[in-house]
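Subject: Structure handover

Hi,

Here is the structure you were expecting. Please open it next to this email; my notes follow below.

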Amino acid sequence: MLDDKFVSGGKEGVLPRYVLQILTLIEEAGYEAYVVGGAVRDIALGLTPHDFDVASSAYPDEMIEVLSAAGIKHVDMASRHGTVTAVTSEGNVEITAFRVDGEYSDLRRPDEVSFTRSIEEDVRRRDFTVNAMYLGRGGNICDITGGLADLERGIIRSVGEPEVRFTEDALRILRGLRFAAKYGFEIDEKTFEAMEKLSPNLRAVSGERIAEELKGLICAPGASDIIRKAYRILGVIVPELITCHGFEQHSRYHDRDVFEHTLAVLDGIPFKEDNSGGCIPCRDAELAAAAILHDLGKPESFVMNDDGIGHMKGHPEVSMRIAVRVLGELKCSKEFTENVTGLVQLHDTFFKPDRYIVHRFMSEHPLSFLRKLAVLQRADILAHSEYGQNRLERLDALEAIAAALVREGAAFSIKDLAVKGSDLIEEGVPEGPEVGKVLSEVFDAYMRGEVANDAGSMLSYIREHILTVS
Ligand code: ATP
Ligand code: MG
């Protein structure tokens with residue numbers, strides 16, 4: 001029984017000491033205070049919460065008074081919305097006053113919020129039943145909407161009328177999909193129908209907020225099942241997903257349509273290893289995004305030969321163009337966008353497994369990027385038909401060369417060479433662009449295996465092969 005998890009409440013350390021301290025302080029001042037939202041959900045599932053939100057009957061100015069009197073540092077930048085953050089050496093706690101949200105005239109944010117002493121009213125503004133449970137410091141739990149039962153059965157269900165709730169805030173649609181994907185839950189039928197019906201309202205939600213939820217969704221263990229179920233909803237944000245759905249490839253390299261192939265690639269992206277116990281496994285967001293985007297350009301690039309064979313030449317470039325647009329609309333960071341679009345562009349590029357070619361390629365991209373590219377390429381190959389598996393051998397050979405170069409401590413940049421610009425100037429090379437030119441020539445010779453990376457060999461090579469020629 002999930003209830004058992006709460007019984008011992010604070011006493012046996014379900015809640016950390018600093019959180020208990022905050023709850024106690026507020027209660028002793030005569031107000032109610034509970035841990036709420038994700039932390040309660042995760043504790044009930046036996047997982048480790050990543051942060052603790054507290055809901056309280058105290059109004060923001062009252063909270064500030066309680067915290068100040070106890071000498072606890074706090075930040076009150078969001079107090080207008082009801083939130084004060086208590087800052088302790090063990091961690092921060094966001095304390096939010098019980099709240100009633102006003103009208104949502106822009107489908108995004110309430111026009112105004114007002115505070116209330118009533119937990120029942122605070123419950124009603126929460127998005128899903130599994131997020132609307134309150135845990136007191138003694139292990140007492142307030143679960144008005146049946147969140148525990150839904151958690152036990154694995155169901156995401158709106159608090160109140162789903163259509164009303166998604167009309168108020170369309171982002172909740174994506175939050176619901178994210179929670180379902182994270183925990184492998186089903187979505188209540190009526191809730192899902194409302195999600196589909198109101199999905200066009202997602203166009204009114206800011207790119208940043210959408211991006212955050214989408215990243216959470218695609219990195220989650222149950223992502224492919226939820227994306228398959230909700231592709232029409234996600235198509236409001238990325239219309240190409242709908243074009244790819246059911247798009248047959250007419251190629252012996254493939255036994256799935258573009259959409260199903262895409263999901264198989266996503267499934268093939270491994271979970272991060274640094275996942276400490278008690279957390280739900282999670283993929284790298286750049287890799288997950290690249291998996292989703294890598295073949296979106298296929299329908300546009302598709303050509304059918306007379307013999308009925310499909311070709312999608314140039315699709316990585318088209319997919320990259322789509323990726324640039326999508327990630328731009330979602331206001332993703334420059335670094336994220338560059339890495340993801342780079343992965344999409346190169347996902348189908350397999351060089352000859354030649355040491356020089358690999359070394360040169362490695363000098364053009366950071367190692368962290370190349371590691372991700374290899375992961376994406378492996379997942380992509382494995383999502384091809386049996387006939388398409390022959391590329392694995394080539395990828396293995398390329399990876400073996402790359403691994404050997406790393407093991408040998410090879411130089412991947414001019415900066416890592418044993419000779420510097422100042423050495424060349426001493427040799428009589430005129431200061432200016434000429435120095436850079438000679439360095440790149442010797443770097444290329446080094447990658448070709450013509451000279452070792454030590455100062456003596458490099459200077460002799462430069463004297464014999466570069467300076468004498470020019
Ligand atoms: P996690 O932090 O693991 O993503 P969470 O449930 O804690 O999950 P938060 O975004 O931290 O999610 O929000 C805390 C709580 O605030 C939620 O559990 C929910 O009760 C409420 N909440 C957050 N966003 C919304 C929203 N858009 N509409 C209604 N309630 C929301
Ligand atoms: Mg949270």
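Is the crossing of H19 and H21 left-handed or right-handed? It is right-handed. (A crossing is left-handed if the near helix is turned anticlockwise from the far one by less than a right angle, and right-handed if clockwise.)

Before the rest, some ground rules. This is a predicted model, where local features need pLDDT of at least 70, side-chain atom pairs count only at pLDDT 80 or more, and totals for chains, interfaces and linings use all residues. Residues are numbered from 1 along each chain as its sequence is written, chains are lettered from A and ligands numbered from 1 in the order in which they are written, and side-chain values use heavy atoms, with hydrogens and water left out.

Domains
The protein chain splits into domain 1 (1-148), domain 2 (154-231), domain 3 (238-384) and domain 4 (414-467). These bounds come from an automatic or database domain assignment. Between the C-alpha centres of domain 2 and domain 4 there are 57 Å.

H19 and H21
Helix H19 covers residues 355-364 and helix H21 residues 391-407. (Helices, H or I with at least four residues, and strands, E with at least two, are DSSP runs numbered from the N terminus.) Their axes are 10 Å apart, at an angle of about 70°. (Axes are lines fitted to C-alpha atoms, for helices over the stretch in contact; angles run from 0 to 180 degrees between N-to-C directions.) H19 and H21 are therefore roughly perpendicular. (Under 35 degrees counts as roughly parallel, over 145 as roughly antiparallel, 65 to 115 as roughly perpendicular, the rest as oblique.) H19 brings Arg355, Val358, His359 and Met362 to the contact; H21 brings Leu398, Ile401, Ala402, Leu405 and Val406. (Contact means heavy atoms within 4.5 Å.)

H20 and H21
H20 packs on H21 at about 160°, again with axes 10 Å apart. That makes H20 roughly antiparallel to H21. This crossing is left-handed. Among the residues that meet are Ala374, Arg378 and Ile381 in H20, and Leu392, Leu395 and Glu399 in H21.

H18 and H20
Helix H18 (residues 334-346) and helix H20 (residues 367-382) have axes that come within 10 Å and cross at roughly 50°. The two are therefore oblique to each other. H18 passes H20 in a right-handed crossing. Asn339, Gly342, Leu343 and Leu346 of H18 touch Phe369, Lys372, Leu373, Leu376 and Gln377 of H20.

Salt bridges
There are 37 salt bridges in the structure. (Each is a side-chain nitrogen of Lys or Arg within 4 Å of a carboxyl oxygen of Asp or Glu.) One pairs Arg17 with Glu90, with the closest N and O atoms 2.9 Å apart. Arg17 sits in helix H2 (residues 17-28). Glu90 sits in the loop between strand S4 (83-88) and strand S5 (91-97). The pair links distant parts of the chain, 73 residues apart.

Best wishes
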